[in-house]
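Biologist: Could you take me through one part of this model closely? I would like to hear about the aromatic rings that pair up.

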Amino acid sequence: MFGKIIEDEKDIYKEILLLAFTLHHAVFNFSLMPTNGGLNRTKGRNIYDRPDIFLCRLKDVYDKEIKDKVNKSNIINKLGLNKSAEKSNDALIDFLCKTGSFKNYCKIFYHIDSDIPDEQKMLEDLLANGKNEIYDTKSLVGYIELAVQYWEHQKMFMWRNIQNKCQTCKIYDKRVTNLL
């Protein structure tokens with residue numbers, strides 16, 4: 001995907017690209033997205049399937065189209081939804097409205113809590129980067145650094161949740177054992 005950008009560059013850049021390719025397929029790069037209205041395809045249609053571009057579009061929709069009054073046709077256009085899938089689009093727009101805000105969407109689906117300063121900074125960086133094209137090695141490496149930061153954040157989020165679940169399982173096991 002990004003190979004042409006770094007074709008004539010040093011091997012270190014090729015290793016960075018290999019790292020990104022590997023992490024791109026890791027479990028902590030997974031996020032649930034509603035299929036109603038094709039929101040999952042919206043992200044996949046942007047160049048290189050970049051989450052930063054998707055988040056920029058979504059923030060724009062929340063800030064301009066959902067904040068005060070829902071403008072259905074603008075949402076459909078900005079997210080590149082299928083105009084003929086009215087019921088599906090209505091379900092998606094209803095879902096986005098019920099999510100309440102871009103901040104809540106990020107917290108629920110990307111595990112980025114903008115009330116936490118480091119996470120707010122990461123979100124700001126993602127949004128700023130989503131406005132930029134990747135056209136040379138420097139912009140590619142910058143994007144990959146940001147992606148690695150996000151993946152590291154996701155990995156820590158998952159690890160904390162796994163540890164909490166394990167603790168809950170141990171407590172449950174102990175209670176069940178005591179009953180027997």
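**The aromatic cluster**

Modeller: Ring pairs link Phe-95, Tyr-105, Phe-109, Tyr-110 and Tyr-150 into a cluster. Please keep in mind that this is a predicted model, where local features need pLDDT of at least 70 and side-chain atom pairs count only at pLDDT 80 or more, while totals for chains, interfaces and linings use all residues. Residues are numbered from 1 along each chain as its sequence is written, and side-chain values use heavy atoms, with hydrogens and water left out.

Rings of Phe, Tyr and Trp (its six-membered ring) pair if their centres lie within 6.5 Å; planes under 30 degrees apart are stacked, over 60 edge-to-face and the rest tilted. That rule gives 4 aromatic pairs. Phe-95 and Phe-109 are edge-to-face, because their ring centres are 5.7 Å apart and their planes stand at 65°. Phe-95 belongs to helix α6 (residues 86–99) and Phe-109 to helix α7, so this pair ties together parts 14 residues apart in sequence. Helices here are DSSP runs (H or I, at least four residues), numbered from the N terminus.

Buried means under 20% relative accessible area, exposed over 50%, and partly exposed in between (1.4 Å probe, protein chains only). Phe-95, at 27%, is partly exposed, whereas Phe-109, at 13%, is buried. Tyr-110 and Tyr-150 make a tilted pair, with 6.1 Å from centre to centre and 55° between the planes. Tyr-110 sits in the loop between α7 and α8 and Tyr-150 in helix α9 (residues 137–179), so the pair ties together parts 40 residues apart in sequence. Tyr-110 is buried at 3%, and Tyr-150 is buried at 6%.

Notes. Helices (H or I, at least four residues) and strands (E, at least two) are DSSP runs, numbered from the N terminus.
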